[in-house]
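Hi,

Here is the structure I promised to pass on. Have a look first, and my notes follow below.

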Amino acid sequence: MNKNTFIVGFMLFAIFFGAGNLIFPPKLGFESGLGFWPAILGFVTTGVGLPLLGILVATRYEGGYKKALEDIHPWISILLLGAIYLTIGPFFAIPRTAATAFDMAVIPFIGGADTVALFLFTLVYFGITLWVSLNPTKMVDRIGAILTPVLLIAIIALVVRMATILMGGEYINTSTGMNNPLVTGFIEGYQTMDVLASFAFSVVVMNAIRAKSDKNSSFIKQATLASIVAAMALAFIYIAIGWIGNNMPLSTQTLAEVSEKGQNLGVFILNESTTQSFGALGRSLLGLIVTLACLTTAIGLVVATSSYFNSIFPRISYRNYAILFTLIGFGLANQGLNAVISKSVPVLLVLYPISMTAMLLLLVNLVMPLPKLAKGLSIVLVAIISILSVMGSPLIDNLPLKAYSMEWLPFAILGCVIGLIIAKVRANQPLNKAV
């Protein structure tokens with residue numbers, strides 16, 4: 001690995017390292033108890049491994065996922081990417097950035113959730129978001145380029161400090177509340193939404209890698225090595241802050257108070273560990289850094305989502321899309337962080353299997369070219385099964401792998417096999433008629 005590999009790797013890390021993602025590992029760490037390692041392994045698999053695999057698959061297709069999905073069927077591309085952009089945009093990720101910033105920067109100082117304070121905070125937050133989104137400049141990228149390293153340094157300092165505090169303690173988290181920590185962690189990793197981001201931003205990421213890569217080295221090799229660097233950095237951060245959550249002694253009374261105040265447990269653990277490490281000033285500083293990082297993420301998501309839909313449906317102007325998506329984010333953010341997260345889970349349980357199926361099909365297609373019908377039928381079947389599963393249909397209860405939330409996988413394989421058979425029969429029909 002050379003210097004350029006690390007530059008590209010950390011750039012890739014910065015793209016996926018969102019401030020909003022910090023709240024999930026501490027909560028998972030605390031709730032997993034003795035099952036911490038399988039839980040965090042599952043989380044890292046879907047929160048780190050799959051997104052970077054998604055980028056590696058995209059590098060093998062000119063035009064990224066948008067073009068690859070259009071080749072399967074234009075409607076699959078529009079429906080899947082449209083749903084992904086709406087999810088990582090106005091309906092979940094954008095309001096989550098505002099709600100996370102509020103929980104990190106404001107709630108510790110007002111003592112609990114407050115609808116008026118949340119409304120005023122999000123009014124200013126989304127006012128700035130819209131103002132910058134309507135006039136996007138390189139300023140946001142430059143601020144983001146500064147904030148990500150600062151946030152990373154702050155998190156590393158927090159981890160090191162908390163390690164010195166917690167390692168000497170006698171507390172052991174003996175909770176065994178998770179029946180299957182590996183599966184729980186696997187599903188919790190969906191909430192980072194980074195697999196969806198790898199679909200939505202594949203072309204942007206690929207262009208950025210090309211711009212920074214060594215011109216004398218293979219693009220795919222550079223992307224692969226850079227992905228390894230990014231994966232190691234992301235995994236370290238998630239495991240470290242998950243470990244803090246797992247080793248943080250929280251009494252039943254404290255947990256009851258957190259729940260009563262409407263706070264997110266992951267945010268509370270981060271705030272509590274920061275206060276223990278660096279005092280109230282350190283907590284305020286981390287809250288400010290997270291808020292600014294969330295703000296730049298929200299601006300980037302509004303710009304990207306508005307640009308995508310303007311390219312698909314150009315009759316509506318970019319400006320109107322930006323206003324609409326900002327207003328949706330503002331409205332949803334005022335429901336609070338826990339509400340935003342809880343409402344996103346069913347959507348993610350539908351979109352992730354479809355996205356993973358598309359990614360795996362395109363990966364297999366590199367080794368063994370698959371007919372369009374095989375890929376399309378597989379994606380459609382998985383979409384049907386995922387929707388039925390989230391709806392709680394009794395038809396799904398006894399399916400293979402249901403206990404592991406992988407009931408869609410046999411149908412992905414079945415759809416592909418049926419598509420292959422039909423394509424082969426169709427290919428042989430002219431020959432049979434001639435005979």
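Tyrosine 125 touches Thr97, Ala98, Ala101, Thr291, Cys294, Leu295 and Ala298, leaving aside residues up to four places away in sequence; a contact here means heavy atoms within 4.5 Å. Tyr125 is also among the residues with the most contacts inside the largest nonpolar core, along with Leu69, Leu151, Phe199 and Ile209. That core has 131 residues, and helix H15 (residues 265–312) gives the most to it, with 17. By nonpolar core I mean buried Ala, Val, Leu, Ile, Met, Phe, Trp, Tyr and Cys residues joined through side-chain atoms within 4.5 Å. Buried is under 20% relative accessible area, exposed over 50%, partly exposed in between (1.4 Å probe, protein chains only). Helices are DSSP runs (H or I, at least four residues), numbered from the N terminus.

A word on the source: this is a predicted model, where local features need pLDDT of at least 70 and side-chain atom pairs count only at pLDDT 80 or more, while totals for chains, interfaces and linings use all residues. Residues are numbered from 1 along each chain as its sequence is written, and side-chain values use heavy atoms, with hydrogens and water left out.

Next, a helix pair: Ile94, Pro95, Ala98 and Ala99 in H6 meet Gly329, Leu332 and Ala333 in H16. Of the residues in this contact, six are nonpolar, one is polar and none is charged (Ala, Val, Leu, Ile, Met, Phe, Trp, Tyr, Cys and Pro count as nonpolar, Asp, Glu, Lys and Arg as charged, the others, Gly among them, as polar).

Finally, serine 378 sits in helix H18 (residues 372–391) and counts as buried because its relative accessibility is 0%.

Cheers

Notes:
Helix = DSSP H or I, 4+ residues; strand = E, 2+ residues; numbered from the N terminus.
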